[in-house]
Amino acid sequence: MSVFTSTAIINRPVSDVYNFLADMNNHKQLMPESIIDWSSTTDTVNFNIQNMAKLSLRVDSRTPDYQIVIIPAQTPPFAMKLVWQLAADGDTTKATFTINAELNMMMKMMASGPLQKLADHETSSLAAAVK
């Protein structure tokens with residue numbers, strides 16, 4: 001199992017950050033430009049990673065003001081689980097995004113950099129997106 005993690009401190013209460021992340025429609029604002037053909041509902045999202053793969057994801061579980069677990073809705077190119085974990089600190093929130101991916105050696109060499117970059121991009125975009 002390969003794990004890619006990124007953390008950001010968001011200057012918003014944990015309930016604001018949780019409510020934003022709990023709706024998959026909002027996740028488009030966190031994605032890099034290489035994500036195309038986006039379609040989403042509150043619980044699901046479908047998109048293409050330009051020149052790479054098509055993904056369908058769904059919310060597996062939500063724990064208010066603490067955690068959101070996202071898993072594949074259809075068979076992905078590799079097994080994965082995405083987890084947003086939140087921790088309140090007064091009026092700020094520590095948001096940690098983790099990508100757990102089952103990658104063989106070849107996939108790990110090709111995908112590790114882009115997956116870490118994705119995790120970093122999502123957490124850095126979160127502060128600007130949560131209003």
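E122 lies in helix 2, which spans residues 105–129; helices are DSSP runs of H or I with at least four residues, strands are DSSP runs of E with at least two, and both are numbered from the N terminus. This is a predicted model, in which local features need pLDDT of at least 70, side-chain atom pairs count only at pLDDT 80 or more, and totals for chains, interfaces and linings use all residues. Residues are numbered from 1 along each chain as its sequence is written, and side-chain values use heavy atoms, with hydrogens and water left out.

E122 is buried and yet has no salt bridge, for the nearest side chain of opposite charge, K28, is 13 Å away. Here buried means under 20% relative accessible area, exposed means over 50%, and partly exposed lies in between, with a 1.4 Å probe and protein chains only. A salt bridge needs a side-chain nitrogen of Lys or Arg within 4 Å of a carboxyl oxygen of Asp or Glu, and in the matter of charge Lys and Arg count as positive, Asp and Glu as negative, while His and the chain ends are not counted. Setting aside residues up to four places away in sequence, E122 touches L30, M31, W84 and F97, where contact means heavy atoms within 4.5 Å.

E122 also belongs to the lining of the largest cavity, together with M24, H27, M31, W38, V45, F47, L57, I70, L82, W84 and F97. Strand 3 (44–49) and strand 6 (80–89) are the elements that give two or more residues to this lining. On a 1 Å grid over the protein atoms alone, a cavity is a set of points where a 1.4 Å probe fits but cannot get out, a pocket is an open set with protein on both sides within 12 Å along at least five of seven lines, and lining residues have an atom within 4 Å of a point. The largest cavity has a volume of about 50 Å³, a volume being the space filled by probe spheres set on the points, with grid points joined across faces, edges and corners. By class, its lining has ten nonpolar, one polar and one charged residues; Ala, Val, Leu, Ile, Met, Phe, Trp, Tyr, Cys and Pro count as nonpolar, Asp, Glu, Lys and Arg as charged, and the others, Gly among them, as polar.

The largest pocket holds about 560 Å³ of space, and of the 24 residues that line this pocket, the closest to its centre are I49, M52, P114, L115 and L118.

Helix 1 (residues 14–22) has V14, V17, Y18, F20, L21 and A22 as its buried residues, and what covers them includes strand 1 (2–10), strand 7 (92–101) and helix 2.

D91 is found in the loop between strand 6 and strand 7 and, at 60% relative accessibility, counts as exposed. Leaving aside neighbours within four places in sequence, D91 is in contact with I10, N11, R12 and P13. D37, in strand 2 (residues 35–40), has a positive phi of about 55° although it is not a glycine. D65, in the loop between strand 4 (53–63) and strand 5 (67–72), likewise has a positive phi, near 60°.
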